[in-house]
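Here's a short tour of a model, meant to be read with the structure open beside you. Take it slowly and look up each spot as it comes.

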Amino acid sequence: MIRFEDVSFAYPDQGSSIRDLSFELERGEFAAVIGANGAGKSTTVRLADGLLRPSSGRVLIDGEDTRNSQVSARARKVGFLFQNPDRQICKNTVREEILFGLRTVRSEEGESALQARAERILAEFSFTGDEEPFALSRGQRQRVALASIFAAEPEVLILDEPTTGLDYRECCHIMDQIRRMNEERQVTVMMVCHDMEVVLDYASKALVMAGGRLLAAGPVREVFRNRELMEKASVLPPQVISLGLRLGDGYETADTPEAMAEAVLAHRKKEGASDE
Amino acid sequence: MNKLFQYVPGNSLIHRLNPVTKIALTVVICAAAFITDHLLFLVCLLAIDLLIGLIAGVAGRTWSIFRGLVKIAAFLFLLQVLLTRAGNPIFWIITDHGLLTAGKVVLRLIVVCMPLTLVLAVTRISDLTNAMVQVLHVPYPYAFTVSTAIRFIPQFLEEMSGIMEAQTARGVAFDQAKGFKKFSMILPLCAPLLISSVRRTDQMAVAAEARGFHLRTRASAYKQYGFSTGDLLTAVFCILLLAAAILL
Ligand SMILES: Nc1ncnc2c1ncn2[C@@H]1O[C@H](COP(=O)(O)OP(=O)(O)OP(=O)(O)O)[C@@H](O)[C@H]1O
Ligand SMILES: [Mg+2]
């Protein structure tokens with residue numbers, strides 16, 4: 001669905017920010033881009049939507065080169081959630097905001113169909129629709145931005161730090177909604193995220209970046225268990241994983257607190273049995 | 001575009017002038033441009049503008065400012081020429097008087113705008129503020145207001161392009177529209193821009209207050225802004241320029 005072929009990119013009057021990036025995301029995949037600050041994650045997702053064009057190499061979305069078409073024409077297929085939701089919101093009520101997005105990308109459906117669609121999304125995100133976006137909290141504004149993207153039913157969802165600055169409940173709320181999109185509609189998700197617990201819980205694939213290069217791409221758990229790789233990328237793996245690695249002895253495979261608890265209990269039972 | 005008002009580090013003759021001298025030079029050039037009524041004198045002033053840019057070692061910046069201004073000037077020139085009725089007709093509805101007036105108007109525009117932008121290229125905004133407070137005895141809050149307004153311009157432009165990017169990603173066809181159409185698409189975006197600006201101003205006020213903004217006086221700056229021979233020569237040049245503008 002998203003395919004990078006030897007992509008390099010440099011901002012004007014700066015050294016290269018992205019070098020020789022190649023990877024591919026299949027339809028319905030949930031990928032997380034992880035790495036330290038300044039590793040080039042935001043640049044990579046901007047490239048993925050064609051907001052930036054590669055200096056060399058190519059980026060394909062659904063087989064189409066981003067250089068050959070306009071970003072706005074792709075909006076229906078690709079939803080992009082920015083780090084700063086305020087740049088996206090421009091209407092006075094949440095309902096208007098969602099309708100605005102719908103009218104730009106699905107104008108052919110007719111007003112009444114769009115209205116119905118907007119109401120459905122409002123209910124799904126538990127908004128009444130009459131809230132003023134700029135009077136909401138940051139987390140809620142983030143959800144408004146997400147709601148207006150969801151309304152258009154994109155096939156690809158690109159998210160730049162969707163959960164940064166949100167409280168735990170709000171974070172789970174948003175991530176669950178993203179997961180539902182991913183599972184029910186086979187939406188491809190590419191997410192930049194600094195919260196490795198979130199990455200472990202939700203993503204299936206991890207793209208590890210450092211210094212503008214792709215260090216590794218693979219299943220999230222495998223990547224997190226690779227100590228050397230995590231060190232190189234300056235990423236701290238989730239605590240459960242670290243704990244499992246530290247304990248060794250069969251605990252490495254536990255990747256949730258529940259699984260860890262089960263493993264401990266099972267181990268204890270075994271020890272109890274051998275004592276008798 | 002974002003770099004238009006940014007400081008270009010350097011150690012040229014112009015860079016080393018006292019910020020106040022630079023302001024004075026700017027003001028004098030502007031005043032001269034408005035006082036004089038000679039086309040040739042205006043051309044000389046333009047040459048001085050360009051020369052200053054060259055001496056300051058910011059030729060590239062000078063050129064890009066000049067090019068931008070010429071574009072606006074060309075439009076104004078056309079309007080002026082087509083709308084002036086007075087004078088002897090030369091060709092179609094164009095008159096000699098119209099040509100002359102239009103020429104003067106656009107030259108004045110270019111001559112005045114160039115030093116105003118160049119002074120920001122060769123002076124740190126903080127130096128500009130401090131010198132205004134120290135030498136000209138401008139109360140600090142006023143000087144701060146001016147410098148902050150200038151500092152906001154690039155941030156404002158960056159925010160604008162960020163908003164346009166976000167809207168493009170949502171399907172607003174900024175990347176397909178041109179000219180007036182694009183302008184009409186920008187208007188609805190003023191709400192987010194305004195809100196982010198107000199928010200930022202608010203944050204800045206609180207931050208400034210927390211760092212003792214109201215305690216600051218003339219004596220607070222540690223850097224002294226002295227006058228050198230270069231400043232003296234520039235002052236003499238300013239007086240000559242002004243005299244020439246009045247007498248000629
Ligand atoms: N608009 C820009 N102009 C010039 N250089 C930029 C710009 N944006 C980013 N860079 C540079 O590109 C590099 C990668 O930045 P990028 O924003 O992609 O990092 P990131 O991985 O998203 O970091 P973070 O975790 O802080 O969001 C950085 O070194 C940065 O200095
Ligand atoms: Mg980033």
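## Ligand 1 and its surroundings

A polar backbone atom of A:Ala39 sits 3.2 Å from an oxygen atom of ligand 1, which is a polar contact (a pair of N or O atoms within 3.5 Å; within protein, one must be able to donate a hydrogen and the other to accept it, and residues adjacent in sequence count only if both atoms are side-chain atoms). On its own, ligand 1 would expose 640 Å², and the protein buries 61% of that (accessible areas here follow the Shrake-Rupley method with a 1.4 Å probe; for residues, only the protein chains shown count as cover).

Keep in mind that this is a predicted model: local features need pLDDT of at least 70, side-chain atom pairs count only at pLDDT 80 or more, and totals for chains, interfaces and linings use all residues. Residues are numbered from 1 along each chain as its sequence is written, chains are lettered from A and ligands numbered from 1 in the order in which they are written, and side-chain values use heavy atoms, with hydrogens and water left out.

## Who makes up the shell?

How many residues surround ligand 1? There are 13, and the closest are A:Gln14, A:Gly38, A:Lys41, A:Ser42 and A:Thr43 (a residue is near if one of its heavy atoms lies within 4 Å). Helix α1 of chain A, residues 41-49, gives the most to this shell, with three residues (helices are DSSP runs of H or I with at least four residues, strands are runs of E with at least two, and both are numbered from the N terminus).

Sorted by class, the shell has three nonpolar, eight polar and two charged residues. Ala, Val, Leu, Ile, Met, Phe, Trp, Tyr, Cys and Pro count as nonpolar, Asp, Glu, Lys and Arg as charged, and the others, Gly among them, as polar.

A:Asp49 lies in helix α1 of chain A and A:Arg74 in helix α2 (residues 71-74) of chain A, so the pair ties together parts 25 residues apart in sequence.

## Where chains A and B meet

The contact (heavy atoms within 4.5 Å) takes 25 residues from chain A and 22 from chain B. About 1900 Å² is buried between the two chains, with carbon and sulfur atoms giving 51% (the accessible area, 1.4 Å probe, that two parts lose on being put together, summed over both). In chain B, B:Glu165, B:Ala169 and B:Arg170 lose the most area to chain A, together 34% of what that side buries.

Four salt bridges cross this interface. In one between the chains, B:Arg199 pairs with A:Asp86, with their closest N and O atoms 2.8 Å apart.

Conventions. A salt bridge is a side-chain nitrogen of Lys or Arg within 4 Å of a carboxyl oxygen of Asp or Glu.
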